[in-house]
Amino acid sequence: MNTLELVAPTTQELIAAGLQLPIMEAFYTIQGEGRFTGHPAYFIRLGGCDVGCVWCDVKDSWEAAKWPVLSIEKIVEDALAFPGRLAVITGGEPLMYNLGPLTKLLKEKGFTTNIETSGAHPFSGDFDWVCFSPKKFKKPHPSIYVEADELKVVIYNKSDFDFAEDHAKLVNSDCELRLQPEWSKAAKFTPEIIEYVKNHPTWKISLQTHKFMDIP
Ligand SMILES: C[S@@+](CC[C@H](N)C(=O)[O-])C[C@H]1O[C@@H](n2cnc3c(N)ncnc32)[C@H](O)[C@@H]1O
Ligand SMILES: Nc1nc2[nH]cc(C(=O)O)c2c(=O)[nH]1
Ligand code: SF4
Ligand SMILES: [Mg+2]
């Protein structure tokens, strides 16, 4: 006699498959940074990051276990409640997860998909725009360099200009290059970034405009 045993997958297996993901928060706002500054967008912030930037503005996100695990169907259903159809996947570090199923479903439902990533984990997902923000605290995975549409380097100290140039050599020639002042050092570094961009015109400035507008 044949016995057919059906074992339900565990949460860990569903997360590994990218069918469920830990969600710290999701909110409809205005993209504050980079290429799509000013565009209305639905942000999906995944929990979990192992990069450890000393100046990270969302340290609460780091511990994945703190956040509820939702199915990708629920994540996309929640996004559909708002009129905008630009979805930004961020974190935490979103590439800690398999983003294939979530981005496939978002696109099936009519969303344009953008990602904010440090590139510290292997690339996954179907994205219309990849914003790559490399970090000294954990080396990017080599898979990010061909994917990046935008290189957005945070300037926290002087050596970050050289770090930015080193990464500019590694991305595609059509990748947009931006320097973004670290928020707490913005008063000190914004004037230097302005001079740098004027003297190195392949670069542009990105500001965290949502913080000036006092929106999420
Ligand atoms: C919070 S991170 C999440 C996505 C991903 N872990 C990453 O770092 O790209 C989103 C963006 O905010 C930037 N960021 C984080 N903290 C910042 C700060 N204090 N000042 C300026 N930019 C910051 C990151 O470099 C990244 O471009
Ligand atoms: N408005 C707004 N724009 C953003 N662009 C990137 C953000 C992020 O934390 O990934 C972010 C964010 O947290 N809020
Ligand atoms: S990689 Fe992103 S989420 Fe992680 S610590 Fe750095 S800025 Fe924060
Ligand atoms: Mg942010």
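I looked up Cys56 to begin with. With 18 C-beta neighbours inside 10 Å, Cys56 is partly exposed (20 or more other C-beta atoms within 10 Å would be buried, 12 or fewer exposed, in between partly exposed, with C-beta atoms placed from the backbone). I find Cys56 in the loop between β2 and β3 (strands are DSSP E runs of at least two residues, numbered from the N terminus).

The model is predicted: local features need pLDDT of at least 70, side-chain atom pairs pLDDT 80 or more, while totals for chains, interfaces and linings use all residues. Residues count from 1 along each chain as its sequence is written, and chains are lettered from A and ligands numbered from 1 in the order written.

Next I checked Cys49. It sits in the loop between β2 (40-46) and β3 (69-71). Cys49 is buried because 23 other C-beta atoms lie within 10 Å. Beyond four places in sequence, I noted contacts of Cys49 with Ser61, Trp62, Gly91, Gly92 and Glu93 (C-beta atoms within 7 Å).

I turned to ligand 3. Its shell includes Cys49, Cys53, Cys56, Ser61, Gly91, Gly92 and Glu93 (C-beta atom within 6 Å of the molecule). I sorted that shell into five nonpolar, five polar and two charged residues (Ala, Val, Leu, Ile, Met, Phe, Trp, Tyr, Cys and Pro are nonpolar; Asp, Glu, Lys and Arg charged; the others, Gly among them, polar).

Last, I looked at ligand 1. It has 18 residues around it, the closest being Asp57, Glu116, Ser118, Ser133 and Trp183.

How values were computed. Helix = DSSP H or I, 4+ residues; strand = E, 2+ residues; numbered from the N terminus. Contact = placed C-beta atoms within 7 Å.
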